[in-house]
Amino acid sequence: MTDTLVQATDLHKHFGSNRAVDGVSLHIKPGEIYGLVGSDGAGKTTTIRLLVGALLPNKGEIHVCGYDVLKQTELARSQIGYLSQRFSMYEDLSVLENIRFFAEVRGLSQSEWLPRSMEILEFVGLADFKDRRAGQLSGGMKQKLGLASALVTRPRLLLLDEPTTGVDPVTRQDFWQLVIKLVSMSPSPSGRGVRGEGVSVLISTPYMDEASRCHRVGFMKLGKIIAEDTPSNLRARLNGRVLELRGNPINTLRRIAHQDEDVEDVAAFGDKLHVRVREGKSDLIMKRLPDEIKSAGGVLTELRAIPSTLEDVFIALSEQLNESHP
């Protein structure tokens, strides 16, 4: 077994003048959940399609489980389970018929795919719905069916492209519990477990709360990875530099905070503001901001230092990128 399941180096993909992927390099280890995080248009889906061999890069190299995706495409794909952004199951087929189709396309016999399918359906919670037509499933159940179909060939790498977009918070939680269980669980005593050792997951998401569940995160913007590290290390970049501000009217508080020369950014988080300050300036701002707010007719309810979030870090990094590429 190699130490790296995915090794992608200097990937470029252009669509005319649009540099959808612009120099991306990735390495993903066995048993790792890697989050590719960014807003729409950042290049996440194009990157995943390059990894699975659905698109050819203009430049770069990709190896999956030791296979060159460009030269040994089918061998590489045999190691991959892929769940695309759109529901790609056949809606007129039943749950079990869909899984059978994808299994037999990959060359599995009935004696292989049938017990495997039932085991996976039990795992994702669809065993009682195996005869229901896919078109009659809820959004969350459709995502679980997509995951089940991706798992039927026992892949070593799962590529999940925004799998929880458009589903409710409870379904998102359920889906993530399945992903975490896939990576952490051991094979069954029969040797026919849902996963073998060394399964890795690359998941793209626009949600920062999902990013925090990953072992490592790559922030992506304008086709580039602008930062990559563990969630805790990324958050540590802004240690001591984020203040939480509450009061009213919130627009007045935001304007006053923005005017302070030591404030870099003010972002709304629901009914409160996150104020990002220059390094070493938190105490000074906490002393002078209350008087400035009072003078402007605002009411300060709370001002305190808080741990930074991944969203704070992503906003800061995005601003730095914008400044370097005006």
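In soluble globular proteins, nonpolar side chains tend to be buried together.

The model is a predicted one, in which local features need pLDDT of at least 70 and side-chain atom pairs count only at pLDDT 80 or more, while totals for chains, interfaces and linings use all residues. Residues are numbered from 1 along each chain as its sequence is written, and side-chain values use heavy atoms, with hydrogens and water left out.

Leaving aside neighbours within four places in sequence, Leu 160 is in contact (heavy atoms within 4.5 Å) with Ile 48, Leu 83, Leu 147, Phe 175, Val 179, Val 201, Leu 202, Ile 203 and Ser 204.

Attention now turns to the helices, which are DSSP runs (H or I, at least four residues) numbered from the N terminus. The axes of α3 (residues 95-105) and α4 (residues 110-124) come within 10 Å and cross at roughly 130 degrees. Axes are lines fitted to C-alpha atoms over the stretch in contact, with angles from 0 to 180 degrees between N-to-C directions. The two helices are therefore oblique to each other; angles under 35 degrees count as roughly parallel, over 145 as roughly antiparallel, 65 to 115 as roughly perpendicular, and the rest as oblique. From α3, Val 95, Leu 96, Ile 99, Arg 100, Ala 103 and Glu 104 meet Trp 113, Leu 114, Ser 117, Met 118 and Leu 121 of α4. Sorted by class, this contact of α3 with α4 has eight nonpolar, one polar and two charged residues. Nonpolar covers Ala, Val, Leu, Ile, Met, Phe, Trp, Tyr, Cys and Pro, charged covers Asp, Glu, Lys and Arg, and the others, Gly among them, are polar.

Gln 110, also found in α4, counts as partly exposed at 46% relative accessibility. The C-alpha atoms of Gln 110 and Arg 100, ten residues apart along the chain, are separated by 8.2 Å.

Terms used. Buried means under 20% relative accessible area, exposed over 50%, partly exposed in between (1.4 Å probe, protein chains only).
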